[in-house]
Structure formats: structure tokens, C-alpha cells
Amino acid sequence: MANNVCHFAVHAEDLIRARGFYSSVFGWQFQGFGGADMTSFCKIKNSAGEEPGLIGAMQHRRFNLLPQPVLGFECSIAVTDVEATAKAVEAAGGTILMSKTAIPDVGWLIKFSDTEGNLVCAVRFDENAK
């Protein structure tokens with residue numbers, strides 16, 4: 001699954017309003033994550049019983065690392081080595097915005113902007129990440 005889109009995040013100013021919209025349009029369900037309240041960050045799940053269950057996240061805009069608001073979906077790309085990916089990003093003209101960070105029980109993540117200013121994530125899944 002390396003180098004494929006594996007996750008997305010919807011940035012929102014008002015998560016209650018945004019959850020209502022996506023629930024009404026697509027039937028998505030939402031669940032809290034890591035102790036965060038549902039007004040800051042939550043998991044997006046498909047409609048009841050559909051696979052894959054977890055398809056993304058919704059997060060408050062204040063978690064954006066760019067100077068301007070993210071008005072699209074922030075995509076994560078599965079990689080085999082986030083450090084090597086970070087080096088490749090910089091060599092290709094991108095900018096690292098968040099260095100290698102553990103997402104407990106999920107994996108290792110970096111965030112970067114590409115040469116066009118888009119926010120992108122690279123993740124190496126590792127359930128032992130702490």
C-alpha cells in the first residue's frame with residue numbers, strides 16, 4: 001500500500017455544522033478520538049456496516065500548519081519510511097511543516113507543503129508508535 005492515498009482530513013471552522021452536512025449528504029458517522037471533544041477532532045466512519053469503517057478525520061482549522069486556511073481535503077500518503085520521504089520532499093522543493101511525530105497506536109506522520117503550497121501528510125503505519 002506504499003505511496004497510495006490512505007486517509008484524508010476535512011478542516012472545518014464549525015465541526016458541529018460540518019458533521020451535520022456530511023452526515024446528511026453521505027451518511028457518514030463520527031466518533032471522538034484520543035480524548036478530544038467532538039468540536040476539535042473526530043474520526044469519520046462510513047455509514048453503518050460498510051467497509052472500510054474508518055475513512056478519515058474532521059479537525060478544527062486551528063490545527064492547520066499553513067498560513068492560509070485549508071479549503072480542500074488534506075490527504076495522507078502511506079509510505080515505508082517517513083524520514084526518507086521528508087528528505088525527498090525537501091530535495092524536490094517542498095517544505096516540512098511537522099517533523100516525524102508519533103500518532104499513538106497508528107504510526108509515524110510528517111506534514112509538508114508541496115511546491116504549490118498544498119498541505120500533504122506522509123504516514124508509516126506502526127501500531128507500536130508512541
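Which residues is alanine 122 in contact with, leaving aside its neighbours within four places in sequence?

**Entry 1: overall fold**

I noted that the model is predicted. I looked up the secondary structure and found 2 helices and 8 strands. Read from the N terminus, the order is β-α-β-β-β-β-α-β-β-β. The radius of gyration is 15 Å against the 14 Å that the globule rule gives for 130 residues, so the protein is as compact as a globular protein of that length. I took the box along the principal axes, and the C-alpha atoms fill roughly 45 × 35 × 25 Å.

**Entry 2: burial, contacts and surface**

I checked burial next, and 37% of the 130 residues are buried. Of the contacts with a separation of 6 or more, 45% are between residues 24 or more positions apart.

**Entry 3: helix α2**

I went through helix α2, residues 82-91, and found Val82, Thr85, Ala86 and Val89 buried. These residues cover an arc of only 105 degrees around the axis, which puts them on the same side of α2. An α-helix has 3.6 residues a turn, so residues three or four places apart point the same way. On the other side of α2 I found Lys87 and Ala91 exposed. I then asked what the buried residues of α2 pack against. The partners are β6 (95-103), β7 (107-113) and β8 (119-125).

**Entry 4: alanine 122**

I returned to the opening question. Alanine 122 is in strand β8 and is buried, with a relative accessible area of 1%. Leaving aside neighbours within four places in sequence, alanine 122 is in contact with Ile77, Val79, Val82, Thr85, Trp108, Leu109, Ile110 and Phe112. Val82 and Thr85 are among the buried residues I had listed for α2.

**Entry 5: serine 113**

Is serine 113 buried or exposed? Serine 113 has 10% relative accessibility and the cut-off for buried is under 20%, so serine 113 counts as buried. I placed serine 113 in strand β7. Not counting residues up to four places away in sequence, serine 113 touches Leu66, Gly94, Thr95, Leu97 and Asn118.

Note on methods:
Residues numbered from 1 in each chain as written. Predicted model: local features only at pLDDT ≥ 70, side-chain atom pairs only at ≥ 80, totals over all residues. Heavy atoms only, no water. Helix = DSSP H or I, 4+ residues; strand = E, 2+ residues; numbered from the N terminus. Rg over C-alpha atoms; globule rule 2.2 N^0.38 Å. Buried < 20%, exposed > 50% of the residue type's maximum accessible area, 1.4 Å probe, protein only. Contact = heavy atoms within 4.5 Å. Arc of directions from axis to C-beta.
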